[in-house]
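Visitor: Could you show me how to read strands, sheets and salt bridges in a model like this one?
Guide: Gladly; let us open it together.

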Amino acid sequence: MRKRLVTALLASAVAFATAPTMAEDLVTKDRVGPADAPKSLSLRLTDDGPDTTDPVWAEGYKKLFTEFIQRHPGWKIDLERMSDNIGQEQARMLEQAKGGHGPDCAAVDSFVLPLFIGANVLKPLNAYFTQAEIDDLFPFVRQGITGKDGKIYAWWWDTDLRVLFRNKTIVPEAPKTWDQLKAAALATKGKGMEGVLFNGGRWEGTTFDWLANFWSQGGKLVDDNGKPVFAEGENRAKFLKAVDYFKDLVDSGAAPKRVSTIMNYDDMHTSAAAGTTAMFIGGNWQYGQLKTVLEPAVFEQWTFSEIPGPTPDQVSTGTGGWTIGAFSSDPEKIALCAAVAKEVFSGPGNALQQQLPTSKAQYDKFDVFKTDANKAFAAALAHGQARPGVPIYPEISNQIQVMMGDVLSGTKTPEAALDAANAAVQAAYSRQK
């Protein structure tokens with residue numbers, strides 16, 4: 001009797017000790033589900049997953065994927081991790097997919113999604129999302145995932161945007177126009193501030209943040225065929241008007257000359273913490289960073305508003321984000337890929353990482369997005385615009401960065417800088433054809 005009792009106790013102890021390990025092994029850094037599952041799906045991700053370097057997010061995704069695989073028994077998901085060189089990774093994945101060697105399911109940067117759709121490597125996902133769910137997406141998101149045939153080819157699950165941050169004790173009213181922003185920036189200089197800060201150095205942030213001023217006028221970088229048209233006709237006039245605006249901010253002293261060297265969003269909230277600026281154009285995620293770097297009483301002084309346009313009703317902002325797309329031709333794998341997008345990332349993943357959802361309904365569903373700040377971000381997304389997903393965009397961006405440096409430093413006039421940028425872009429476009 002005693003032997004049987006000891007044996008039972010030992011068995012119970014072993015079961016107790018191994019149960020957590022078994023649950024832990026269900027989700028590892030490179031696998032979700034039992035290693036011997038009869039069906040498998042390859043899933044390529046950025047750091048949005050169990051392999052993320054953020055320990056809180058890693059645990060959160062481990063829980064989400066554990067629950068997911070329990071709802072989908074018989075499956076194993078082989079996780080693949082992209083490197084931090086996203087541009088290179090996306091280009092490599094596109095070529096792999098064209099050759100039939102891509103992953104079954106993967107994260108596709110919204111900025112290059114049209115290239116994947118145009119290459120016919122993604123499978124339609126309409127069968128896995130209701131029309132109401134699709135209609136609830138922000139307009140720029142819905143447009144971005146929809147092909148010329150009207151079908152959706154990915155699920156865009158998170159996004160971001162650019163806004164104007166300001167210290168409301170120094171700039172009480174939100175500037176509604178370019179002129180009002182300039183006047184407010186000049187007024188801060190009388191209080192020992194630098195004026196307004198923004199990206200002006202040689203990197204993508206400079207192009208993306210400035211484009212809001214071009215887009216707010218209805219400017220187009222490329223036509224429907226992907227041909228660069230930013231230096232032609234009405235687009236040229238709108239382009240120069242937006243460049244002249246930034247040039248005037250620097251020439252007038254409303255923005256410091258050093259903006260031509262700013263190549264990192266951290267510079268801006270660091271300046272806010274140092275008390276040297278009361279306004280800057282940055283990303284919505286910086287609101288949380290301000291909360292971290294500022295004393296609570298000082299953080300309460302900061303707020304944000306939409307980036308002003310030339311007139312109060314001309315408003316735009318740059319938006320980005322990630323999508324999940326299916327490359328496999330296997331119907332079961334396509335369905336599971338859509339389920340990953342819908343059950344892990346879209347909603348739960350947003351709440352876990354506090355990444356802005358792309359669906360209006362989710363701002364009410366998750367408490368973290370019911371804050372006044374996130375509601376304001378959601379409202380601003382209605383004016384969001386994504387970068388054109390065409391092959392020539394990287395060169396357009398590169399030349400805008402060069403142009404901005406030349407103009408803000410005074411080495412070229414806006415007209416001469418635009419002509420040089422256009423010549424370089426057109427030459428690159430001719431080589432691509």
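This is a predicted model: local features need pLDDT of at least 70, side-chain atom pairs count only at pLDDT 80 or more; totals for chains, interfaces and linings use all residues.

Visitor: Which way do the residues of β6 point?
Guide: In a regular strand the side chains alternate between the two faces of the sheet. Here Arg-162, Leu-164 and Arg-166 point one way from β6, while Val-163, Phe-165 and Asn-167 point the other way. Strand β6 covers residues 162–167 (strands are DSSP E runs of at least two residues, helices H or I runs of at least four, numbered from the N terminus). Six of its six residues are buried, where buried means under 20% relative accessible area, exposed over 50% and partly exposed in between, with a 1.4 Å probe and protein chains only.

Visitor: Which strands does β6 join?
Guide: Two strands pair if DSSP finds at least two bridges between them. Five bridges join β6 to β8 (residues 279–283), and the two run antiparallel; Leu-164 has Ile-281 as its bridge partner there. Four bridges join β6 to β9 (residues 302–305), also antiparallel, with Phe-165 opposite Phe-304.

Visitor: What is the order of the strands in the open sheet?
Guide: The order is β7-β8-β6-β9, with mixed pairing. At the edges are β7 (196–197) and β9, each pairing on one side only. Helix α7 (residues 178–189) packs on the sheet and touches β6, β7 and β8, a contact being heavy atoms within 4.5 Å.

Visitor: How many salt bridges are found in the whole structure?
Guide: Side chains of opposite charge can pair when their charged atoms come close. The cut-off is a side-chain nitrogen of Lys or Arg within 4 Å of a carboxyl oxygen of Asp or Glu. The search finds 21. One of them joins Arg-44 and Glu-80 (2.8 Å, N to O). Arg-44 lies in β2 and Glu-80 in β3, so the pair ties together parts 36 residues apart in sequence. Arg-44 is buried at 8% relative accessible area, whereas Glu-80 is partly exposed at 28%.

Visitor: Where do Lys-247 and Asp-251 lie?
Guide: They lie in helix α9 (residues 233–252), four residues apart, separated by about one helical turn.

How values were computed
Residues are numbered from 1 along each chain as its sequence is written. Side-chain values use heavy atoms; hydrogens and water are left out. Axes are lines fitted to C-alpha atoms, for helices over the stretch in contact, and angles run from 0 to 180 degrees between N-to-C directions.
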